[in-house]
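Colleague: Could you take me through one part of this model in detail, the place where the ligand is held? I'd like to hear what surrounds the ligand and how that region ties in with the rest of the chain.

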Amino acid sequence: MSNVNDVKVQLELDEMPKKWYNILADIKSEFPPYLNPATKEPIPAEALMGLFPKECVKQELSEERYISIPDELLEHYYRLGRPSPLYRAKHLEQKLNTPAIIFFKREDLSPTGSHKPNTAIAQAYYAAKEGVTNLSTETGAGQWGSALAYSCAMVGIKCTVFMVRCSYDQKPYRKYIMKILGADVYASPSDKTEYGRSLLAKDPNHPGSLGIAISEAIEMAVKNADTKYTLGSVLNYVLLHQTVIGQELIAQMNKLDLIPDYLIGCVGGGSNFAGFSFPYLGQILRGELSSPEVLAVEPVACPSLTKGEYRYDFGDTAKTTPLIKMYTLGCDFIPPSIHAGGLRYHGAAPTISLLKNEGFIKSVAYPQEQIFQCAKLFAESEGLIPAPETSHAICAAIDLAKEAKKKNERKVIVFNYSGHGLLDLEGYRSILKLD
Ligand SMILES: Cc1ncc(COP(=O)(O)O)c(C=O)c1O
């Protein structure tokens, strides 16, 4: 039995979700289709199947509420450390002297240190089953690239990663992880693609962006018959795979007999946030619950949901993707080189965008200095060093806990601890002036 005073709520192996939850089944309004940029007509599934593993495309377009997780993948999830524990941030509560109760879901415990393997392993598994021998992808901070490198190694296929140049330089250890796991890793823009070469010709020191790295990875997949492209965020099937997080969270909160007042997650493309919050949001959409309030947190340097426009835009910078209806800062927006590389994306997942537009999701943005201060307070309190991306969620949780203190309310605040920051220490050093 668990109770609210426990510091850790653990599920048994047989309590791990056996299905992914598809929020499209519960969104009342129509999901805006992906459009062919030339004709503005919806893209047919077959066109997407040329680029992505076929099973992923089927899931992308599915309206089934639940999709079964194959047994082999469940075994991979066990290996990744699932079900992941829910922790209570008791020391942080004490430091803040707040009546609020703060929980965080540990998605930093996978072999590569973040939530990203939850979908990477599924994508690699389906690709290998379909006879694909190489997966190409982009990565920002390197978390997604490491997750895919790990997953390709587990299923025995090749992995090629285009890593945003400023992160490639800021976080050298992540590229070593990918290389140790057998992946080819290139700083993007790179000389490996026509698009990369065209950008380097204009600016040899181009810092890169996720949008550019996506363009390069797509170009590689389009030009090589043995290669398919995979994405670590944004698309429906990616968010779907992450819903193991939120389903576990519901089981853990049920053990405590609590319903969160707030769910908080950082948003780059939106996969950890969606995976964490969609199962509860589904209950709200079905009219079974009226809370929690769901808060997406972004950097001030790249506030797609907070400051962007809700419209059709390209998912990448070279304009090679279908048009996606989403909150966007414009596909040619190149964010400053902040340390939260995984949040430097000009858009946001179309499902999150739709739910934000309909008022089911709120968003807020924090500046870089503040998120590192929050990360330090969290580390001093709980003994864990969060990823800069994750620290955005921590900042919002701290602010809500302070508000609860002012109003003397016992709010239940839960955030997703999307990854550890043990390979982000250079960011801590430079922003917190540690030397
Ligand atoms: C630790 C961590 N959190 C969050 C993100 C943001 O991605 P998403 O919005 O898809 O969860 C990343 C992306 O690299 C990440 O590494």
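Modeller: Before we start, a polar contact here means a pair of N or O atoms within 3.5 Å. Keep in mind, too, that this is a predicted model.

Gly269 does it with the backbone instead, where an N or O atom is 3.2 Å from an oxygen atom of the ligand.

How much of the ligand's accessible area does the protein cover? On its own the ligand has 390 Å² of accessible area, and the protein covers 98% of that. As for where the ligand sits, it is in the largest cavity.

Now for the shell. There are 18 residues around the ligand, and the ones that come nearest are Ser233, Gly268, Ser271, Asn272 and Ser418. Sorted by class, the shell has twelve polar residues, four nonpolar and two charged. Two elements give two or more residues to this shell: helix 13, covering 271-285, and helix 17, covering 388-407.

The loop between helix 13 and strand 11 (293-299) holds Arg286. Arg286 forms a salt bridge with Asp26, and their closest N and O atoms are 2.7 Å apart. Asp26 belongs to the loop between strand 2 (19-21) and helix 1 (45-49), so by sequence the partners are 260 residues apart and the pair links distant parts of the chain. The structure holds 23 salt bridges, counting this one.

Stay with the loop between helix 13 and strand 11 for a moment, as Pro292 is found there too. A cis peptide bond joins Ser291 and Pro292, with omega at about 5°. Most peptide bonds are trans. Another cis bond joins Arg82 and Pro83, with omega at about -5°, and Pro83 is in the loop between helix 3 (71-79) and strand 4 (86-88).

Phi of Lys40 is near 65°, a positive value in a residue other than glycine.

Conventions: Residues are numbered from 1 along each chain as its sequence is written. This is a predicted model: local features need pLDDT of at least 70, side-chain atom pairs count only at pLDDT 80 or more; totals for chains, interfaces and linings use all residues. Side-chain values use heavy atoms; hydrogens and water are left out. A residue is near a molecule or strand if one of its heavy atoms lies within 4 Å of it. A polar contact is a pair of N or O atoms within 3.5 Å; within protein, one must be able to donate a hydrogen and the other to accept it, and residues adjacent in sequence count only if both atoms are side-chain atoms. Accessible areas come from the Shrake-Rupley method with a 1.4 Å probe; for residues, only the protein chains shown count as cover. On a 1 Å grid over the protein atoms alone, a cavity is a set of points where a 1.4 Å probe fits but cannot get out, and a pocket is an open set with protein on both sides within 12 Å along at least five of seven lines; lining residues have an atom within 4 Å of a point. A molecule sits in a cavity or pocket if more than half of its atoms lie within 2 Å of its grid points. Helices (H or I, at least four residues) and strands (E, at least two) are DSSP runs, numbered from the N terminus. Ala, Val, Leu, Ile, Met, Phe, Trp, Tyr, Cys and Pro count as nonpolar, Asp, Glu, Lys and Arg as charged, and the others, Gly among them, as polar. A salt bridge is a side-chain nitrogen of Lys or Arg within 4 Å of a carboxyl oxygen of Asp or Glu.
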